[in-house]
Amino acid sequence: MQTCPGSIVLVSDAPDILTALREIFRESGWYMREARAISELPQLFNERSPSVILTDDFLPDGGWLDVLAMAGAICPEARILVTGKLSDYALWAEVLNRGGFDVLAQPLDSVEVLRVASSALLSSHWKAGRAS
């Protein structure tokens, strides 16, 4: 089994966003899984708990708050990153105040995505270690 930096679930119904994220994380060795809607998440979470979940702010069957709630119930150590075309201070403040980890503005910058995801991964491992 190959060692990888972390496990990430990408949640987006935007083909261009998924393509960009696949390239960013594949080159860095992350274990990736994808969902195009919130309804697909329980099966992914049950297969292997992710360290990081990167989700669009709006999805066909809900939004990032729904992803946050589901993750909190099934895999509470996972860190939630939110991305959106209208990422601004208000979204960033709401994400942080409600328990998300950070917001990534679009268009996505690969260096920033990896920096934030790596920080989220470390935070997830720290939280998991404190829980044991």
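Student: Let us look at helix 1 and what follows it. Which residue just after helix 1 takes a positive phi, and of about how many degrees?

Tutor: G29 does, with a phi of about 85 degrees, just after helix 1. Two notes come before the rest. This is a predicted model, in which local features need pLDDT of at least 70, side-chain atom pairs count only at pLDDT 80 or more, and totals for chains, interfaces and linings use all residues. Residues are numbered from 1 along each chain as its sequence is written, and side-chain values use heavy atoms, leaving out hydrogens and water.

Now the helix itself. Helix 1 covers residues 15–28, which makes 14 residues. Helices here are DSSP runs of H or I with at least four residues, strands are runs of E with at least two, and both are numbered from the N terminus. From first C-alpha to last, helix 1 reaches 20 Å, close to the expected 20 Å at 1.5 Å a residue. The expected span is 1.5 Å times one less than the number of residues.

Next, its sides. I17, L18, L21, I24 and F25 of helix 1 are buried. They sit on the same side of helix 1 because they cover an arc of only 135 degrees around the axis. That arc is taken over the directions from the helix axis to the C-beta atoms. Buried means under 20% relative accessible area, exposed means over 50%, and partly exposed lies in between (1.4 Å probe, protein chains only). An α-helix has 3.6 residues a turn, so residues three or four places apart point the same way. The face turned away from the buried side of helix 1 carries exposed residues: P15, R26 and E27.

R22 ties helix 1 to another element. Its side chain meets that of E34 in a salt bridge, at 2.6 Å from N to O. This pair links distant parts of the chain, since R22 is in helix 1 and E34 is in strand 2 (residues 31–35), twelve residues apart. A salt bridge here is a side-chain nitrogen of Lys or Arg within 4 Å of a carboxyl oxygen of Asp or Glu. R22 is partly exposed, with a relative accessible area of 22%. E34 is partly exposed too, at 23%.

R36 is partly exposed, at 39% relative accessible area. Together, R22, E34 and R36 are linked in a network of salt bridges.

Now widen the view. The whole structure has four salt bridges. One of them joins the side chains of R115 and E112, at 2.7 Å from N to O. These two are about one helical turn apart, because they lie three residues apart in helix 5 (residues 110–131). R115 is partly exposed, with a relative accessible area of 46%, and E112 is partly exposed at 32%.

Finish with a residue in a strand. T55 belongs to strand 3 (residues 52–56). T55 is buried, with a relative accessible area of 0%. Beyond its neighbours within four places in sequence, T55 is in contact (heavy atoms within 4.5 Å) with V11, W64, V67, I80, L81, V82 and T83.
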